[in-house]
Amino acid sequence: MYRYWGDRVCKALYADTDFVVNLCSGEYTKLWAPYRKRENRMVPCRFLVCKSGRLRCLATASKIARGKMAQFVIKNHITDPQQLMEFDWDGYVFIPSMSTEEEWVFGQMLDKHL
């Protein structure tokens, strides 16, 4: 798959922008990320759930949350990446204290300590 697509996916993603919010799984990120240029910014979103008193990234929950965020983008006609910080599906909210410019973190606010 990677050899077939080469840099075409990356070129298409950055054709009209220099900023991409990455909601892909790691497998699909590997398809285009190696071709990303320094000036092409990419920020992945990580989704955490509270399990046994700790925030954890659970594969199935993350997959569902990524899909719901994509739906949020489409439904709300999001054009400014900063608007993603308003995402609040199923208790997930943006956690500024855990986020960086290189990764945005969303967690289910089931624990009052977040």
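**Figure 1. Burial and overall make-up of the 114-residue protein**. Of the 114 residues, 30% count as buried, where buried means under 20% relative accessible area, exposed over 50%, and partly exposed in between (1.4 Å probe, protein chains only). The model is predicted: local features need pLDDT of at least 70, side-chain atom pairs count only at pLDDT 80 or more, and totals for chains, interfaces and linings use all residues. Residues are numbered from 1 along each chain as its sequence is written, and side-chain values use heavy atoms, with hydrogens and water left out. The protein has 4 helices and 5 strands, in the order α-α-β-α-β-β-α-β-β from the N terminus. Helices (H or I, at least four residues) and strands (E, at least two) are DSSP runs, numbered from the N terminus. The C-alpha atoms fill a box of roughly 45 × 25 × 25 Å along the principal axes.

**Figure 2. Helix H4, residues 59–75**. The 17 residues of H4 reach 24 Å from first to last C-alpha, close to the 24 Å expected at 1.5 Å a residue; the expected span is 1.5 Å times one less than the number of residues. Ser62, Ala65, Arg66, Met69 and Phe72 are the buried residues of H4. They lie on the same side of H4 because they cover an arc of only 120° around the axis, the arc being that of the directions from the helix axis to the C-beta atoms. The face turned away from this buried side carries the exposed residues Thr60, Lys63, Ile74 and Lys75. After H4 comes His77, whose phi is positive, near 50°.

**Figure 3. Strands packed against H4**. The buried residues of H4 pack against strands E2 (41–51), E4 (92–94) and E5 (104–108).

**Figure 4. The largest pocket**. This pocket holds about 230 Å³ of space. On a 1 Å grid over the protein atoms alone, a pocket is an open set of points where a 1.4 Å probe fits, with protein on both sides within 12 Å along at least five of seven lines; lining residues have an atom within 4 Å of a point. Among the lining residues are Phe19, Ala70, Val73, Ile78 and Asp80. Strand E1 (19–22) and H4 are the elements that give two or more residues to the lining, and E1 gives the most, with 3 residues.

**Figure 5. Arg3 in helix H1**. Arg3 sits in H1 (residues 2–5) and is exposed, with a relative accessible area of 82%. Arg3 and Phe47 are 44 residues apart in sequence and 30 Å apart in space, C-alpha to C-alpha.

Key. Contact = heavy atoms within 4.5 Å. Points joined across faces, edges and corners; volume = space filled by probe spheres on them.
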